[in-house]
Amino acid sequence: MLLLSNHAKMIKVIFLYMKKLYQTRKKISFLNMKSVKQHSPLSRLVISSLAFLFFFSLNLSAQGDPANGEKLFKSICAACHKLDAKLVGPALKGVTERRDQAWLIAWIKDSPGMIKSGDKLAIQVFEENNKLPMIANPQLSDQDIIDILEYTKGAPVAAVAAGTTEVDPGVERGKQVFKTNCAACHKLDGKLIGPPLLHIEKKYDAAWLKLWIKDNAALIASGDPLAKTASEYSPIAMTPFPQLTDQDIDDLLKYMAVGDVAPVVAATSADQEIFNKPGIGIIPTLAITIGVLLLLSLIVAATTNRKVGEEDEESGVSVLKTLIFNPFVRFLAVIFFLLLGAWFAFGYLMQIDVNVGYQPIQPIVFSHAVHSGDNKIDCQYCHSSAKNSKTSGIPSANVCMNCHKSISEYKGELFGNNTKEDLDKEIQKLYDAVGWDKTNVKYIEGYEQKPIEWVRIHNLADFAYYNHAQHVTVAGVQCQTCHGPVQEMHDMKQFSPLTMGWCIDCHRTTAVDLTKNGYYKNIHDQLSKKYGVEKVTVAEMGGLECAKCHY
Amino acid sequence: MKNILKISIALAFLFTLSSCWLDKTKPNYQYMPDMYKPVGYETYSVNPNFSDGRTSQQPVEGTIARGKVPYDYADTTEGYDSALVNLKNPLEVNEENLANGKAMFTIYCISCHGAAGVGDGELVKRDKFLGVPNYKDRPITEGSIYHVIMYGRNLMGSHASQLTDKERWQVVMYVQQLRNELLK
């Protein structure tokens with residue numbers, strides 16, 4: 001994947017420069033240099049910074065940008081190619097595994113020229129494809145082509161074929177989508193409400209799955225036979241997910257094709273992702289680059305010093321000393337620690353007042369997994385004000401008592417370190433609060449009720465306005481989208497960061513449901529006319545205006 | 001040697017910095033939270049100004065909040081019998097009301113009464129909550145259904161606090177529809 005051809009020139013320049021430097025100095029070649037001390041600090045500084053630049057730039061453009069690739073692919077290639085099927089030209093998925101990159105770049109830029117020049121592979125491809133010549137694209141830069149090639153890798157089957165050596169960043173994203181949307185009803189490797197989903201792409205094809213996930217009800221209604229059999233799996237209809245984009249679903253399919261990847265591999269994929277997203281990600285990569293450089297130079301210094309040691313019979317201490325006083329090593333160390341420091345400091349600053357994972361100890365061990373998971377009680381049964389008001393509210397004890405008048409002991413599956421007695425005591429706490437006499441099954445007369453002091457978890461700063469009804473009733477967003485897989489949590493915790501960036505991201509990507517919503521019909525019609533599209537995101541509707549959230 | 005010392009101090013410092021928020025049962029640090037906390041009392045917060053120490057108070061006796069409809073039938077057997085014959089649904093039977101009635105039924109009633117109203121909800125199936133009747137087995141009218149949602153009956157609790165007046169009537173409408181289907 002490394003774009004060596006792009007760097008060939010640069011490497012050459014650096015090498016030439018180094019060679020010259022070393023040859024003029026006592027004709028010691030680079031690898032056999034006797035002692036680092038023999039070179040002037042200046043020349044070493046120049047070399048090291050050049051080397052640094054080289055490694056850095058190598059890293060920077062090593063990664064193709066699939067988003068740009070997709071754009072280009074759609075505008076230039078899609079006339080004759082599809083990713084996963086033959087059109088005029090061959091299917092391009094996994095083309096980078098069949099052919100080498102340099103060849104591909106040359107081919108895409110000027111395939112007629114290549115055929116004329118007698119390149120064997122080029123002629124073979126030409127003949128395999130009915131001798132239809134491919135249009136030359138001299139306007140594309142090398143980087144553009146790499147982006148396109150990166151995009152051709154991005155399909156689910158390619159990820160499987162590629163095996164575990166390389167993890168597509170889409171898999172991680174898909175996992176996130178899965179966790180927030182599907183995990184309520186599906187597991188990868190076992191039955192939940194819905195069927196297990198690992199390798200589902202082998203059972204159904206991707207295009208069909210897309211339709212099904214977005215709106216399975218419509219698919220069933222359309223009389224699709226596959227959909228009908230699928231719907232018979234369970235009487236519970238699957239939630240439609242019109243809010244998922246094609247990209248989301250592609251990622252999702254990728255994730256379901258490979259499943260959970262071992263953490264080590266996942267870590268490398270995170271490294272590869274670093275340059276896809278700007279911001280903090282750049283710093284760790286820099287740090288890694290410098291770390292590698294540091295290691296390299298340590299090795300070089302150590303080996304050269306050993307030679308010095310052999311000749312001059314110096315002790316081990318002086319080896320360490322030369323190491324420490326070696327300006328090259330020091331220079332790198334300083335940069336390394338500065339960057340590391342900056343990275344930690346920035347990371348620390350960014351997480352101030354972000355409470356992801358906040359999990360206070362509640363006065364009653366109340367398990368959402370027992371109530372909403374095992375017993376399938378709807379979220380709004382308890383959080384009943386979510387549908388009409390700004391807050392979701394915490395249920396008052398009378399709501400609990402609707403059920404717990406009759407459920408006075410716990411007979412379900414045990415969880416955590418709790419015994420049955422522990423959990424019975426938790427239910428008793430509820431009775432103590434409201435004054436319920438469970439042996440006589442009635443309220444104790446004249447009992448002074450005590451409030452249950454739940455500890456609040458989600459709490460926006462007071463200067464930001466957030467409204468549940470707007471999101472739950474009007475937009476139809478599932479609670480789990482924002483609060484995570486609550487029905488699996490025994491102890492409630494905060495799942496989303498609740499930062500402004502988080503709100504805005506969702507408003508940028510989420511399309512407003514223009515069909516069901518009578519209340520806003522006028523505005524919606526005007527908006528879709530104005531933008532000339534069927535799909536209007538919340539952002540286009542004005543969901544990014546400061547005063548919508550701050551006033 | 002000095003360098004190594006310095007470096008390890010710097011590292012230790014950085015480590016403590018990055019790992020400040022270890023105890024997830026306490027909230028994270030805030031920086032100058034001047035405008036983060038509301039000046040007023042929040043709905044569920046403790047409040048020293050009231051004798052019972054809570055901010056959320058009952059409405060003053062004898063007052064009716066805007067949009068609320070007072071309910072004049074008593075929570076007694078006579079009240080039930082009276083509602084059974086006298087109380088009528090003010091809403092018109094139409095698609096919209098039925099649709100929302102169904103949505104509300106699915107949230108609030110389905111765990112016990114089941115989707116079709118035959119009394120086979122999830123809680124019943126799992127043997128957690130028993131004694132839920134089939135709607136067709138009870139001589140209920142729109143008035144009595146509303147009354148039961150308001151006050152509950154025997155083991156069934158009141159669902160008045162979870163539903164608005166209009167939503168209650170929509171649910172009533174939907175329950176009647178279910179019952180008519182069951183009686184067929």
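Colleague: How many salt bridges are there between chain B and chain A?

Modeller: This is a predicted model, where local features need pLDDT of at least 70, side-chain atom pairs count only at pLDDT 80 or more, and totals for chains, interfaces and linings use all residues. Residues are numbered from 1 along each chain as its sequence is written, chains are lettered from A and ligands numbered from 1 in the order in which they are written, and side-chain values use heavy atoms, with hydrogens and water left out. A salt bridge here is a side-chain nitrogen of Lys or Arg within 4 Å of a carboxyl oxygen of Asp or Glu. Between chain B and chain A, the count is three.

Colleague: Nice! Which residue of chain A meets Glu122(B) in a salt bridge?

Modeller: The two side chains come together at 3.7 Å, N to O. The partner of Glu122(B) is Lys376(A).

Colleague: What area is buried between chain B and chain A?

Modeller: Buried area is the accessible area (1.4 Å probe) that two parts lose on being put together, summed over both. Carbon and sulfur atoms give 57% of the area here. The total between chain B and chain A is about 3900 Å².

Colleague: And is His368(A) buried or exposed?

Modeller: His368(A) sits in helix H20 (residues 368-374) of chain A. Buried means under 20% relative accessible area, exposed over 50%, partly exposed in between (1.4 Å probe, protein chains only). Because its relative accessible area is 15%, His368(A) is buried.

Technical notes:
Helices (H or I, at least four residues) and strands (E, at least two) are DSSP runs, numbered from the N terminus.
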